[in-house]
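Thanks for coming, everyone. Please take a moment with the sequence and the structure before I start talking.

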Amino acid sequence: MLKDAFASELLAILFVAQEPVTLEQFQEIYPDQDATQIEARVRQLSEDFNSVQDAVEIRQVAGGYRMTTRPQYHETVRAYLRTRPSAKLSMAALETLAVIAYKQPVTFPEIMEIRGIKGTSTIRTLLEKKLIQTRGRKKVVGRPMMYGTTREFLVHFGLNDLSELPTLKELEELLGEEPAIKSQPATGETERPTDN
Amino acid sequence: MNTEYKVELEAFEGPLDLLLHLIRQQEIDIYDIPIATITDQYLQYLQMMADLNVTVAGDFLVMASTLIYIKSKMLLPTDPAVLDEVEDPRRELVQQLLEHEKFKDAAQLLYERETVELAVWARGANEFEEDEKEMVNATLFDLVHAFHTIVERYKDQIGMDVPRETITLEQKLDEIRRLLKVKRYFYFSMFLRQKISRLHLVVTVLALLELTKSHEVRLFQKGIFEDIRISAC
């Protein structure tokens, strides 16, 4: 694999990249190359690299490729970096996040209904951590704010895209119904869920 | 189910959490919940919380009433006039529980993923954590420079000083007394012409009232809405 100049170049890019490198970014560097061709090469490189390397690996995260250390070496890396394990999200926050991830765009009242709790919210924490973002207002009475997950959410949980989460098809049938009372759309503005 | 049933106190997020716990712990078929038993256990739990002086959140009470409602509905014989199959009163609750459980599972999954991701480092993300024990190698000049930066930053802040007016009744009383020593009388409109602040004006009026009460000044007015003449007694 190391004799392949193109693969080596791709690897060099992945080595210096601080953020997941998307196919579009690769395409910018190699405008003459076919996009599918590049994708195939990056994929092949990842496979080859990961089969040989034990300490680091190339992974698909948030729609791009990035090089990361493997989790089994976390203690050593942590010792070197002198970091303590980062604070994890609370179970309440994770539950809220799960509802948002599957139901997005979803409003606060809808989240609370699923969680069976009224009142306290972890929305704020999640917004501060940039794991969720607002997605406009729902055109129902009260025009509640809708929320959806961010790219940071994918990075945080090491997901390439939302489809990597196991499908909870049954969920869709249950709370999928719109509230009975709907206000007339006042403006031409549409709330379209933008998938990251 | 006997009454010796004990629930371990766990931190339940909400009534659905608690109900699920009761159901799952006893391996009850969720589609056929023995509603009377579960209601009893649920209420016992709430009682326990009350005994421990834990404030029971309103949500828990709402669920209690829902459970009792379902229980009573199930006790009632079905109306023979209704030929159609009557909907199970537990159905809605069961659906809610199942939905809730799914998201609990999803949350658990996210938790696992997060655990793994927190053990993984990407390039460039390795900022050393601030070590409090570590000393910063700084000279006096660094300190002066840092201070200078702060001062500069402060300069840029657009600010406006709003001086707080301070005028006491005592001051105003003295002022009027002094005025009446040099003048035999003056008019109230004089204060208005001075364009003094509202606070000043209020204090002035108060002072005049005070002086009138103590018979130090006399107020004259030719007619209603006329200017008021203030003179010493």
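Which share of the contacts in chain A with a separation of 6 or more comes from residues 24 or more positions apart? The figure is 57%. Keep in mind that we are looking at a predicted model.

Let me stay with chain A for a moment. Its secondary structure amounts to nine helices and six strands. The chain has 196 residues, and 26% of them count as buried.

Now the sheet. In chain A, three strands make an open sheet, ordered S4-S6-S5, and the pairing is antiparallel. The edges are S4, residues 106–107, and S5, residues 132–137, of chain A. Each of those edge strands pairs on one side only. Next, helix H5 of chain A: H5(A) packs on this sheet and touches S4, S5 and S6 of chain A. The direction of H5(A) makes about 90 degrees with that of S6(A).

Look at one pairing in detail. S4(A) and S6(A), residues 145–149, run antiparallel and are joined by two bridges. One residue pair to find there: A:Val106 has A:Tyr147 in S6(A) as its bridge partner.

On to chain B. Strand S2(B), residues 217–221, and S3(B), residues 228–232, are antiparallel, with five bridges between them. S2(B) and S3(B) form a hairpin with six residues between the strands. Within that hairpin, B:Phe225 takes a positive phi near 70 degrees.

S3(B) also pairs with S1(B), residues 185–187. That pairing is antiparallel too, over three bridges. Here B:Tyr187 stands opposite B:Arg229 of S3(B).

Last topic: where the chains meet. How many residues does each chain bring to the contact? Chain A brings 38 residues, and chain B brings 32 residues. On the chain A side, the elements that give two or more residues are strand S3 (64–69) and helices H4 (74–81), H5 (91–103), H6 (108–115) and H9 (169–175). Which of them gives the most? H5(A) does, with eight residues. So much for the elements; now the residue classes. The side of chain A that touches chain B has 22 nonpolar, nine polar and seven charged residues.

One thing to take away. H5(A) packs on the chain A sheet, and H5(A) also gives the most to the side that touches chain B.

How values were computed
Residues are numbered from 1 along each chain as its sequence is written. Chains are lettered from A and ligands numbered from 1 in the order in which they are written. This is a predicted model: local features need pLDDT of at least 70, side-chain atom pairs count only at pLDDT 80 or more; totals for chains, interfaces and linings use all residues. Two residues are in contact if their C-beta atoms, placed from the backbone, lie within 7 Å. Helices (H or I, at least four residues) and strands (E, at least two) are DSSP runs, numbered from the N terminus. Ala, Val, Leu, Ile, Met, Phe, Trp, Tyr, Cys and Pro count as nonpolar, Asp, Glu, Lys and Arg as charged, and the others, Gly among them, as polar. A residue is buried if 20 or more other C-beta atoms lie within 10 Å of its own, exposed if 12 or fewer, and partly exposed in between; C-beta atoms are placed from the backbone. Two strands pair if DSSP finds at least two bridges between them. Axes are lines fitted to C-alpha atoms, for helices over the stretch in contact, and angles run from 0 to 180 degrees between N-to-C directions.
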